[in-house]
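Hi there,

Here is the structure I promised to pass on, with the sequence alongside. My notes on its charged side chains follow below.

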Amino acid sequence: MVDNVITIDNDTVRFGVDSIILAARAISQSLSKPPIKNPNGHRSSEMPGLNSDSGNGGELVPFSTKEKSPVVYPLHYGLKSRVHRLSISWGCGNNLRVTVLGNPEARGDDGEEAGGEVANVRLSGGEDGEIGDAQWRRIAYGSVSPFALLQSRRNSISSLFKMDMSPSLYQTAWWEYVMEYSKEIKSLLSDSVSSPVPLIEDPKSVIKSAEEPTSLKAAWELMEIFYADKTCLSWLPERIVDWLSDYDVLLSSSHPTIYSKLEDFQKELVGLQAIEDDPRYWEVMSSALSVGWLEIVVKLLHLHGSYQLDQLGNRETENGLVEAVAVLISKMPRMRPKLEAGMYGECFAAKPDFMKTRERWQSQITKLECSAFWVQCAHHQTRDGLRNMLKIMMGNADCLSASTSNWMELFVSHFLYLRPFTKGLEGMHNLAQKCVQSKPVNISHKLLRLLIGILGENTEVVLAVCSKEFGSWMVAHAMELLTAGSEEGEALVHEEQRNLGGINMEELHRLVYAQVLSSHALTWQIAPVYLSSCEKQGLGLLELLFYKQPVQDNQLLIKSLEICRLYELSYVSAKLMKISGVHHWKHGRKGSGIFWLQQARDEHCLKVISQQLFDSVGKSLSDESLKQWEGLVELLGSESQISGGLDFLHKYRDFKRSLKLVNDGKATDAAHEAVERLVSLLKSPSTPQRFWLPLLHDSLKLLNWPERSLLNVAQTNLMLNKLQEASMARIRPGFIEADLPAQAVGSVRLALATNLGRAFLEEC
């Protein structure tokens with residue numbers, strides 16, 4: 001188990017990954033038990049889709065128990081007293097939040113009480129600082145569209161295959177889609193800012209300045225070469241030569257390389273007067289030639305002193321030998337369809353043509369090697385150096401071994417000069433093993449470990465190296481490459497794992513990557529793309545991801561609702577709106593609370609809120625209480641089937657507005673409208689019984705209207721019955737007495753009786 005050590009001033013506190021695992025388990029358990037209750041008040045006890053008895057404590061990612069050297073992280077804090085206790089928890093992304101606490105019983109020399117401080121410890125990522133946080137986020141967002149498009153195409157082509165597509169057509173179409181996907185990802189991994197091209201090229205510049213490659217892009221290209229790109233099967237060795245040419249600089253961090261030799265030699269090249277007298281000149285040229293960097297070799301040969309104008313007369317034979325070797329190098333046959341502009345060599349796509357040209361080329365080398373001009377060459381360094389280069393081109397194994405710096409370079413040199421027709425991973429793997437034995441290393445670079453796993457057709461090793469060295473992004477996106485060209489890989493990746501709750505490796509690594517995205521506030525919104533592609537546990541974890549978002553942020557909630565709409569998760573969006581509505585109501589934002597509960601169409605919660613609202617209004621519906629809650633009543637609208645009991649306040653507001661017009665001396669029409677609203681209120685089942693008497697008391701002016709009776713006999717009898725029921729309810733236990741005058745009941749009864757008599761007379 002890898003130990004992580006936090007150093008604190010003079011004290012060192014060691015905490016193993018065990019503590020981090022415990023934290024991860026706690027997070028996993030908290031995910032499986034979301035703290036937000038559902039509308040019925042019940043709490044979910046298990047993670048949706050996760051087998052509770054899977055035997056691994058609810059963890060999605062198995063942890064290795066292999067012992068490794070500890071990693072040390074410094075912890076800076078300002079606590080003066082001695083550390084008494086540490087509390088460690090996860091922060092955002094790959095940060096640990098460490099709380100440093102002093103002894104509560106101890107006091108400092110100045111009498112200051114012991115306290116505590118919180119510090120963040122940033123755990124290093126798997127890319128050793130090659131890619132910054134901003135670049136990682138650019139990669140994460142940029143890879144979403146190609147990944148989603150490929151999944152959509154997989155579903156479409158699978159449907160066609162089930163109908164009438166032949167297996168060969170299916171494989172061809174799928175390989176084309178995977179290659180298009182791989183090229184988009186590879187373009188994304190390239191540096192967006194290219195190095196400027198100098199207006200005047202330095203004649204002594206051997207290594208061209210280009211974008212700084214990353215191990216992530218190098219690993220992706222390796223996977224593409226061996227698994228996805230079926231067009232390069234006939235010239236696979238040359239693809240490996242090109243790969244080493246692009247990424248040999250990365251191997252310099254842990255291995256001696258030809259690139260580092262060239263880089264060191266270029267630094268001293270400007271100060272050399274007679275370059276051909278320096279042994280390193282011939283050494284770096286032989287090394288570059290051994291791995292096929294022909295352009296560099298030809299350029300270095302043209303820096304030979306015999307090309308100087310004042311030397312041509314005295315060194316004509318020597319210059320002729322140098323130029324002859326340069327021409328042979330530039331005409332070297334290559335078993336590949338084409339070369340990029342500026343690269344030397346003659347390309348041949350057909351094997352017979354390549355063999356004929358190669359034999360003729362080697363015969364020219366032999367003829368030059370047996371020439372008598374070597375005797376006339378007085379400069380022995382030039383003579384020995386050129387002859388050594390001829391031996392390399394003829395495939396002398398000892399010269400190739402001496403010119404290369406590590407087994408990967410020796411591996412490539414064998415492809416160029418000894419085994420250009422190597423095919424099949426088995427033959428390449430055997431050759432790689434021989435090269436490793438010839439040039440063993442103590443610590444192997446992660447790219448070379450990946451290559452050995454690919455050549456050995458060991459899918460488990462490839463997955464392990466990708467996961468450990470290149471992170472969860474690499475595994476989640478390279479699965480398509482791995483399964484496109486390997487039947488064994490496809491079987492392994494899609495095999496259901498019982499100890500992981502029945503999910504397969506592909507779904508596991510997508511879930512892991514989605515959890516990494518979910519841990520950061522800037523990337524959580526793209527996690528649903530990967531969770532939705534996981535058939536068994538994806539939707540369950542997607543639901544939990546939404547529940548973990550802060551409900552007080554309306555913009556974040558709207559974004560979550562939009563994602564739910566895209567994935568047709570209407571039940572999740574309804575729950576989110578309910579949770580947000582209850583949260584806003586409890587924290588005093590009552591308008592927002594009612595709005596979100598209305599959007600969720602939660603009648604139960606709205607009825608509960610209506611009861612709280614009635615209690616807040618008080619015993620009497622006064623004008624002051626109406627003004628206090630008028631905004632909420634306005635928000636409720638007239639949809640009684642949604643707003644539940646709160647519909648009473650909406651009707652009461654309209655009644656009070658009509659009554660105010662009557663009190664202001666408006667026309668009789670306003671009085672008739674007020675009476676209609678009063679009757680509607682008393683007939684409505686949403687009107688609480690304890691408000692009947694206050695409503696009738698507020699309507700005394702309508703009941704005693706001087707001109708004529710505003711209520712007919714039926715309406716008056718309705719109000720008399722309501723008054724009688726309200727009077728009887730006062731003697732029941734728990735009745736809330738309204739804040740009305742003592743003679744209120746008598747005044748209302750007298751007014752109703754008078755109105756009843758007037759109504760009888762008017763109807764007769």
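**Salt bridges and a charged patch**

Arg708 and Glu762 are joined through their side chains by a salt bridge, at 4.0 Å from N to O. Arg708 sits in the loop between helix 32 (700-703) and helix 33 (713-729), while Glu762 belongs to helix 34 (residues 744-763), so the pair ties together parts that are 54 residues apart in sequence. Arg708 is partly exposed at 37% relative accessible area, and Glu762 is also partly exposed, at 42%.

Before going further, please note that this is a predicted model, in which local features need pLDDT of at least 70 and side-chain atom pairs count only at pLDDT 80 or more, whereas totals for chains, interfaces and linings use all residues. Residues are numbered from 1 along each chain as its sequence is written, and side-chain values use heavy atoms, with hydrogens and water left out.

A salt bridge here is a side-chain nitrogen of Lys or Arg within 4 Å of a carboxyl oxygen of Asp or Glu. Buried means under 20% relative accessible area, exposed over 50%, and partly exposed in between (1.4 Å probe, protein chains only). Helices are DSSP runs (H or I, at least four residues), numbered from the N terminus.

With that rule, the count is 21 salt bridges. One of them pairs Arg449 with Glu469, at 2.5 Å from N to O. Arg449 lies in helix 17 (residues 446-455) and Glu469 in helix 18, so this contact ties together parts that are 20 residues apart in sequence. Arg449 is partly exposed, at 30% relative accessible area, whereas Glu469 counts as buried, at 15%.

Finally, which residues make up a patch of negative charge on the surface? They are Glu426, Glu457, Glu460 and Glu488. For such a patch, residues need over 30% relative accessible area and no salt bridge, and like charges are joined within 9 Å; the place of a Glu charge is taken as CD. Glu460 lies in helix 18 (residues 459-484) and is exposed, at 54% relative accessible area.

Best wishes

Definitions and conventions:
Patch = residues over 30% accessible without salt bridge, like charges linked within 9 Å, V, L, I, M, F, W, Y side chains within 5 Å. Areas by Shrake-Rupley, 256 points an atom, 1.4 Å probe, with all protein chains shown as cover. Lys, Arg positive; Asp, Glu negative; His and termini not counted. Helix = DSSP H or I, 4+ residues; strand = E, 2+ residues; numbered from the N terminus.
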